[in-house]
Amino acid sequence: MPLPIVAVVGRPNVGKSTFVNRIAQANEAIVHEMRGVTRDRSYHEADWNGCDFKLIDTGGIEMGDDDAFQGSIRSQAFAGANEADVIVFLVDGKTGINADDEEVARVLRRTSKPVFLAVNKMDTPGSEDELWEFYQLGVGDPWPVSATHGHGTGDLLDAIVEELRKVEVPDVEDDPGINVAIIGRPNAGKSSLTNRMTKGDRSIVSDVAGTTRDAIDTLVEHEGKHYTIVDTAGLRRKSQIDEDVEYYGFVRAMRAIDRAQVALLVIDSTLGLTDQDQRVAGFAADRGCAMIIVLNKWDLVEGPEAKAEIRERIADRLGFVGYAPVIAISALTGKKVDRIWDAIDSAFENYSQTIPTNKLNTWLTGIRETGHTVSNGKAVLRMKYVTQTSTCPPRFTFFANRPDLVNDNYERFLENRLRESFDLTGTPVGFKFKKKD
């Protein structure tokens, strides 16, 4: 069932992500001494004294700074606060109050929601005398905590949970639906597509590559079905990742792919298929999730010849994921984005399907009757029996007299014939060969 929500807000570098990791007992939120590391709001599950709740980590709020991202970061942070049942306002106990703290406090004083003022970096217990100045923020008693060492967090959580127990949570089934990861290289349009599919400004969109740094989950309902849409950081080769923060984003994106059931590989059509796109497709293929190739910015490609060339290049260079359907869209205008939902449903259905054993062996009988096999000297491969041994993705075990004779070419032959007989669009398949006399 849905969980009550606690949002952590404050200006940059006061330790919000460290605090979130401490409470969630995980290292999911990216922590770095550089300001502005957290840009979008990200969600993390936590529990205390038998009370489960969801934490929102938000970007640092700077009221007077309008760089390339700050306006969006600010709106994301306040959106998280509006969504929350309880708000934790985190400030820096070492540097004291500054103008941004006062502006955030002014906004929070207008909310009817419980607000807890947490003074972070109070690493030495018994130094509460330094708290007096924070009373002037006018948002209640300050709570001394150390996100790094954990001092004071238990007392604060006791008070937060007391408020959360008063929250009335709708008694509905928590259905995460199909887990969909939106992947691709930087600046391909992943966040624009996420916002289009979730019908909101869930992710920050910018023409600066690398804007998204966390993997961000959004639960969406579309025509009565549920989906968890995950916008991920742009993936590139590790050798090209020169910032610690970007590396952490890379790790989060890989984790998102690990738990994805369907991956949407977003390609910038104006640049065509690149080596980076091939590598990203390889990441998803290695992890065995279903896949759909999304050609974004298709409206900006001029002429049928240029479009045909892009599709031919994809067929040629992404042959190792030839099972993935290709959909051309414009995330910015929304043109043909609706086609993605049907493709996700179809790919997931094939990804999780079970093919009856009798149908598989009828198919195998047809393979044997063609006479196509492999041999080595007098040894000839004879396929005896096949059965499906797992789903998500479908995996099949073949029993044969000489499984050691099976080579890559024959395995590809079997996969192609299997796909001709059964609908496996969008999903990879796995084969295993065992000996049977």
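Contact means that heavy atoms lie within 4.5 Å of each other. With that in hand, welcome to a predicted model, in which local features need pLDDT of at least 70, side-chain atom pairs count only at pLDDT 80 or more, and totals for chains, interfaces and linings use all residues. Residues are numbered from 1 along each chain as its sequence is written, and side-chain values use heavy atoms, with hydrogens and water left out.

**The chain as a whole**

- The secondary structure comes to 11 helices and 17 strands; these are DSSP runs numbered from the N terminus, with helices being H or I of at least four residues and strands being E of at least two.
- Of the 437 residues, 51% count as buried, where buried means under 20% relative accessible area, exposed means over 50% and partly exposed is in between (1.4 Å probe, protein chains only).
- Take the contacts between residues at least 6 apart in sequence: 71% of them join residues at least 24 apart.
- The chain exposes about 20,400 Å², and carbon and sulfur atoms supply 45% of that area; accessible areas come from the Shrake-Rupley method with a 1.4 Å probe, and for residues only the protein chains shown count as cover.

**The sheet of β15, β16 and β17**

- Here you will find an open sheet of 3 strands in the order β15-β16-β17, with mixed pairing; two strands pair if DSSP finds at least two bridges between them.
- β15 (383–390) and β17 (430–435) stand at the edges with a single partner strand each, so one side of each has no neighbour in the sheet.
- From one strand to the next, the twist averages 25 degrees.
- β15 and β16 pair in the antiparallel sense over 6 bridges, and Met 383 has Ala 400 of β16 as its bridge partner.
- β16 (residues 395–400) and β17 run parallel, joined by 6 bridges, and Phe 396 has Phe 431 of β17 as its bridge partner.
- Helix α10 (residues 357–370) lies across β15 and β16 and runs at about 145 degrees to β15; axes are lines fitted to C-alpha atoms, for helices over the stretch in contact, and angles run from 0 to 180 degrees between N-to-C directions.
- Helix α11 (residues 408–421) also packs on the sheet, touching β15, β16 and β17, and its direction makes about 120 degrees with that of β17.

**Backbone features in the loops**

- Most residues other than glycine have a negative phi, and most peptide bonds are trans.
- β15 and β16 form a hairpin with 4 residues between them, and Cys 392 in the turn has a positive phi of about 55 degrees.
- Cys 392 is joined to Pro 393 by a cis peptide bond, with omega of about 0 degrees; Pro 393 lies in the loop between β15 and β16.
- Asn 49 has a positive phi near 50 degrees; this residue sits in the loop between β2 (42–48) and β3 (51–57) and is exposed, with a relative accessible area of 53%.
- Lys 121 has a positive phi near 70 degrees; its place is the loop between β5 (115–120) and β6 (142–144), and it is partly exposed at a relative accessible area of 26%.

- The 14 residues of helix α8 (residues 304–317) should span 20 Å at 1.5 Å a residue, and its end C-alpha atoms are 20 Å apart, which agrees; the expected span is 1.5 Å times one less than the number of residues.
- Ile 310, Ile 314 and Arg 317 are buried in α8.
- Seen down the axis of α8, the buried residues fall within an arc of 90 degrees, so they line one face of the helix; the arc is that of the directions from the helix axis to the C-beta atoms.
- On the other side of α8, Pro 304, Glu 305, Glu 309, Glu 312, Ala 315 and Asp 316 are exposed.
- The buried residues of α8 pack against β10 (262–268), α7 (275–286), β11 (290–296) and β12 (326–328).

**Strand β11**

- β11 is mostly covered, with 7 of its 7 residues buried.
- Ala 290, Ile 292, Val 294 and Asn 296 point one way from β11, while Met 291, Ile 293 and Leu 295 point the other way.
- β10 and β11 run parallel and are joined by 7 bridges; Ile 267 stands opposite Leu 295 in β11.

**Lys 335**

- Lys 335 is found in the loop between β12 and α9 (339–351) and is exposed, with a relative accessible area of 53%.
- Not counting residues up to four places away in sequence, Lys 335 touches Ile 329 and Ser 330.
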